[in-house]
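Q: Take me through one part of this model closely: the contact between the chains, and then the packing behind it. Keep it brisk, and give each cut-off once.

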Amino acid sequence: MQLALFIIFGALALGGALNLLFQRHPINSALSLVVVMMSLAVLYWSLGAEFLAAAQVIVYSGAIMVLFVFVIMLLNAGEEQKTHGSRAAYTVGIPGAAAIFCLLSFVFLSQGGALKSANIGGDLGNGEDNIAAVSAMLFTKQLLPFEVTSILILVAILGAVVLARKEQ
Amino acid sequence: MSHLTKFEVFLLLSVIKVAVVLVITLMCVAYTVLLERKLIGRMQNRWGPSRVGPFGLLQPLVDGAKLFLKEDLMPLAVERPLFLAAPMIALGCALVSVAVVPFGAITRVQGVDIFQVASVNIGLLVILGITSIGVYGIALSGWSSNNKYSLLGSLRSTAQVISYELALGLSLVGVVLRAQSLNLRTIVDSQSAHGMLSWNIFGGFQFVAFFIYLMAAYAETNRAPFDLPEAETELVAGYHTEYSSMKFAMFFMAEYANMITVSCVATLLFFGGASSPFGHLIPAVGGAFVQAILSVFWFVAKVFAFLFLYIWVRSTLPRFRYDQLMSFGWKFLLPLAMANIIVTSFVLAMRG
């Protein structure tokens with residue numbers, strides 16, 4: 001059953017990602033990205049990272065992508081048009097993506113022994129609570145990076161306020 | 001049942017649970033509409049629906065049949081696929097979150113808990129996540145209708161829901177801190193020691209969090225006094241202006257299903273879920289079956305009280321202005337929720 005989950009949602013993520021690239025209308029692309037993120041969340045959950053899955057849904061699909069859709073709706077963006085740049089992106093992008101895919105699969109296949117094999121869905125049955133472990137790690141060993149990240153976000157918020165403020 | 005394997009029993013009981021819970025939720029939705037019309041009628045000194053069946057009890061069924069049989073208009077300028085998908089997203093998200101709600105004391109039949117569809121150890125986050133996905137239904141319906149009133153309504157609603165989601169989520173942190181878990185069953189169990197005295201709202205001193213939750217929940221479900229997205233005096237009907245027949249009914253059902261979900265969460269987190277308010281003062285009489293029914297009774301009674309409150313508020317308070325709504329959420333509820341988290345965690349740290 002866990003393998004079935006992996007196959008279904010892996011295929012859904014791939015299909016969403018391809019649809020994201022091929023759709024002409026920005027809102028359709030944004031919605032395909034939502035599908036990709038939701039299927040990734042299910043994959044995280046089937047690997048036993050339930051907190052990560054919930055954070056993925058709440059933060060990415062529930063907040064960030066809603067803002068994307070919101071902005072597309074506000075600007076009322078129309079269909080994309082083919083430009084010189086987009087043709088260049090096709091000619092460079094497709095071989096580039098293929099090269100990265102080959103490189104990554106070569107690394108994963110050759111270093112398969114060093115990477116531990118993931119237990120797909122093995123942690124679904126015996127639901128071990130890993131939220132406590134994640135938070136203990138964040139607030140003890142990883143405290144400095146965690147706090148630095150929050151300061152970075154704070155700076156970004158202040159920057160947005162400065163940009164959005166009307167000139168006096 | 002001996003010739004079935006454990007997995008088959010689990011699958012069969014799960015399918016039955018899903019079907020039963022879905023049917024009951026939809027019936028609750030239908031009769032909440034009737035309850036609202038009746039109660040608002042009484043509060044405005046009139047009868048409400050009274051013609052169909054005894055006391056108008058068959059009104060929801062007749063309304064449903066009417067909506068089914070109406071002509072399904074499809075305006076020419078709509079974005080067809082998204083226009084069709086929007087009500088499905090709205091209703092689907094509204095109905096899915098009932099799956100993680102435990103609506104009775106833990107009762108096992110063949111090793112399967114029959115009073116909860118899915119026991120998930122991040123149940124609370126699942127509900128919050130599904131709520132945040134539900135925004136897409138409203139946002140897409142407004143945009144794909146190609147109508148400026150719909151678009152304005154859906155923009156308002158999206159902004160409102162995103163803003164109040166923060167206050168809503170933060171108001172629940174105090175409860176999670178007390179229960180030390182995100183599992184809804186564990187949160188309910190942490191309040192079941194001494195009846196009413198150990199509920200989070202009384203014994204847990206989470207009444208500030210409860211009021212933040214209540215107000216944020218009204219805004220999340222687009223209900224009065226925060227029903228600006230469908231303010232009929234300024235926006236015709238808001239995001240569902242162009243919808244008719246069954247597609248309109250789906251939005252309508254989604255709104256009431258969301259009300260029920262929000263009431264369920266309030267019951268679970270602040271009012272002890274399915275536990276009795278008297279704790280062990282009343283001896284357990286009547287054996288296991290009566291006790292199981294009794295726990296469901298307490299849960300339903302609490303949810304009903306919240307629905308009553310919703311309707312009462314709707315017929316009492318006038319609508320907010322949009323800037324008042326935003327500043328209330330960001331400048332009052334959000335800081336208050338943060339203060340509540342700091343005080344709660346400080347007290348817990350001093351005690352522990």
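A: Start at the contact between the chains, which takes 16 residues from chain B and 17 residues from chain A. Two residues are in contact if their C-beta atoms, placed from the backbone, lie within 7 Å. This is a predicted model, so local features need pLDDT of at least 70 and side-chain atom pairs count only at pLDDT 80 or more, while totals for chains, interfaces and linings use all residues. Residues are numbered from 1 along each chain as its sequence is written, with chains lettered from A and ligands numbered from 1 in the order in which they are written.

On the chain B side, α4 (123-144) and α5 (148-171) each supply at least two of the residues that touch chain A. Helices here are DSSP runs of H or I with at least four residues, strands are runs of E with at least two, and both are numbered from the N terminus. α4(B) gives the most to this side, with nine residues. By class, the side of chain B that touches chain A has twelve nonpolar residues, four polar and no charged. Ala, Val, Leu, Ile, Met, Phe, Trp, Tyr, Cys and Pro count as nonpolar; Asp, Glu, Lys and Arg count as charged; the others, Gly among them, are polar.

Now the partner. Chain A has seven helices and zero strands. Along its sequence the pattern reads α-α-α-α-α-α-α. Of its 168 residues, 16% are buried. Buried means 20 or more other C-beta atoms within 10 Å of a residue's own, exposed means 12 or fewer, and partly exposed lies in between, with C-beta atoms placed from the backbone. Among contacts in chain A with a separation of 6 or more, 62% join residues 24 or more positions apart. Helix α7 (residues 143-164) of chain A has 22 residues. From first C-alpha to last, α7(A) reaches 32 Å, close to the 32 Å expected at 1.5 Å a residue. That expected span is 1.5 Å times one less than the number of residues. The number of buried residues in α7(A) is zero, so this helix lies largely in the open.

Back to chain B and its helix packing. Helix α3 (residues 80-96) and helix α10 (residues 245-270) of chain B have axes that come within 8 Å and cross at roughly 25°. Axes are lines fitted to C-alpha atoms, for helices over the stretch in contact, and angles run from 0 to 180 degrees between N-to-C directions. α3(B) and α10(B) are therefore roughly parallel. Angles under 35 degrees count as roughly parallel, over 145 as roughly antiparallel, 65 to 115 as roughly perpendicular and the rest as oblique. The crossing of α3(B) and α10(B) is left-handed. Left-handed means the near helix is turned anticlockwise from the far one by less than a right angle; right-handed means clockwise. From α3(B), the contact uses B:P87, B:M88, B:A90, B:L91, B:A94 and B:L95. From α10(B) come B:K247, B:M250, B:F251, B:M253, B:A254, B:A257, B:N258 and B:T261. The contact of α3(B) with α10(B) has eleven nonpolar, two polar and one charged residues. An α-helix has 3.6 residues a turn, so residues three or four places apart point the same way.

α10(B) also packs with α8(B), at an angle of about 170° and with axes 11 Å apart. These two are therefore roughly antiparallel. The crossing of α8(B) and α10(B) is right-handed. α8(B) brings B:F210, B:Y213, B:L214, B:A217 and B:E220, which meet B:V262, B:A266 and B:F270 of α10(B). By class, that contact has seven nonpolar, no polar and one charged residues.

The loop between α8 (207-220) and α9 (232-235) of chain B holds B:N222. Its phi is near 55°, positive in a residue other than glycine. B:N222 counts as buried, with 22 C-beta neighbours inside 10 Å. Beyond its neighbours within four places in sequence, B:N222 contacts B:S157, B:D227, B:P229, B:E230 and B:E255. B:S157 is 65 residues away from B:N222 along the chain, yet their C-alpha atoms are separated by 7.4 Å.

B:N45 also has a positive phi, near 65°. This residue lies in the loop between α1 (6-43) and α2 (59-69) of chain B. B:N45 is exposed, with 6 other C-beta atoms within 10 Å.
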